[in-house]
Amino acid sequence: MPGRLCNDWAYNLKPLKLIPLDRPVLIAPSLLAADFLHLAEAVELVNQSEADWLHLDIMDGMFVPNISFGMPVVESVARLCHKPMDVHLMIVQPERYIDVFHQLGVHHLILHYEASVHLHRYVEYIHQLGMQAGVALNPHTPVNVLKDIVHLIDIVLIMSVNPGFGGQAFIPHSLHKIREAKELILKTGSAAKIEVDGGVDLQNAAQIIQAGADVLVAGSNVFRAADPARAIHLLKHVL
Ligand code: DX5
Ligand code: ZN
């Protein structure tokens, strides 16, 4: 399918090189934006909608200034969720909890490049346990730090806001980083998917996909929408 022209002017960027949309776009609603009094409803919505993964943001108040939720919540969610659980660890020394999340039955474990000094070892360990391994990059971290590990990982997560909070505005420079990640993946023959997290909405989703994203995380724009299932549908079919 040919790529479509994208609205780079919206972020005052030079025109993007078009990347044909030869792949499905996956949607990963972020539970962080759900009503915590009604988490079961949020998980059911993900089960029954066109969402592909459920994104779970774990924050420790150290790596990021905020604290979100922890193992007891993930354990309860896991009992209800039929879709792959995509766990984004925003915690210091995330390797301390690889076993625990494995026991909870999560499918993808994403560690921050900035939080772990032995990523290679832990990516291998996550794989040994049968999970998919992802590496997340903060907005200030260049994509090329992944050069020697990208061929081993399943997910490159580009943070398009500073991690810690939902509802922030998309950082336009992230589009360049997505494109760089795509180029790195193509060059190295990596099978990694590019996941984009933070400030994703219907206005910028097309550009994000055109830059090379495979997976869109969306918190506020799903769970704060009047019709979350429709919001998921619209994001998934924006191109
Ligand atoms: C931010 C989290 C995101 C967040 C996205 O630190 O990693 O997953 O939930 O929320 P929105 O889509 O509202 O920016
Ligand atoms: Zn996240």
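Tutor: Let us start with D57, which has its place in strand 2, a strand being a DSSP run of E with at least two residues and a helix a run of H or I with at least four, both numbered from the N terminus. Please bear in mind that this is a predicted model, in which local features need pLDDT of at least 70 and side-chain atom pairs pLDDT 80 or more, while totals for chains, interfaces and linings use all residues. Residues count from 1 along each chain as its sequence is written, chains are lettered from A and ligands numbered from 1 in the order written, and side-chain values use heavy atoms, without hydrogens or water.

Student: Which residues does UniProt list for "active site"?

Tutor: Such annotations may be inferred rather than shown by experiment, and their positions follow the numbering used here, with feature names shortened. In this case the unreviewed UniProt entry lists D57 and D197. The two are spread over 141 residues of sequence, yet they cluster in space, with a largest C-alpha distance of 10.5 Å. Both D57 and D197 belong to the lining of the largest pocket.

Student: Is D57 buried or exposed?

Tutor: Under 20% relative accessible area a residue is buried, over 50% exposed, and in between partly exposed (1.4 Å probe, protein chains only). D57 is therefore buried, since its relative accessible area is 4%. D197, in strand 7 (residues 193-197), is also counted as buried, because its relative accessibility is 8%. H55, found in strand 2, is buried too, with a value of 0%. Q93 lies in the loop between strand 3 and helix 3 (98-103) and is partly exposed, because its relative accessible area is 43%; although not a glycine, Q93 has a positive phi of about 45°.

Student: Which side chains does H55 join through polar contacts?

Tutor: A polar contact is a pair of N or O atoms within 3.5 Å; within protein, one must be able to donate a hydrogen and the other to accept it, and sequence-adjacent residues count only if both atoms are side-chain atoms. Here the H55 side chain pairs with that of D57 at 2.9 Å, with that of D197 at 3.2 Å and with that of E195 at 3.4 Å. D197 also has a side-chain polar contact of 3.1 Å with H88.

Student: What does D57 touch, leaving aside residues up to four places away in sequence?

Tutor: Contact means heavy atoms within 4.5 Å. By that criterion D57 touches S30, L32, S68, F69, H88, M90 and D197. With the same exclusion of sequence neighbours, D197 touches residues including H55, D57, H88, L157 and V217, while the contacts of H55 include A28, P29, S30, D86 and L157. G199, in the loop between strand 7 and helix 6 (205-211), touches V161, Q168, A169, F170 and N204.

Student: How many residues line the largest pocket?

Tutor: On a 1 Å grid over the protein atoms alone, a pocket is an open set of points where a 1.4 Å probe fits, with protein on both sides within 12 Å along at least five of seven lines, and lining residues have an atom within 4 Å of a point. The largest pocket has 29 lining residues, with F165, G166, G167, G198 and G199 nearest its centre. The elements giving two or more residues to that lining are strand 2 (54-59), strand 3 (85-90), strand 8 (215-218) and helix 7 (220-223).

Student: Which residues does the "binding site" annotation cover?

Tutor: The unreviewed UniProt entry names S30, H88, G164, F165, G166, G167, D197, G198, G199, G219 and S220. Among them, S30, H88, D197, G219 and S220 are part of the lining of the largest pocket.
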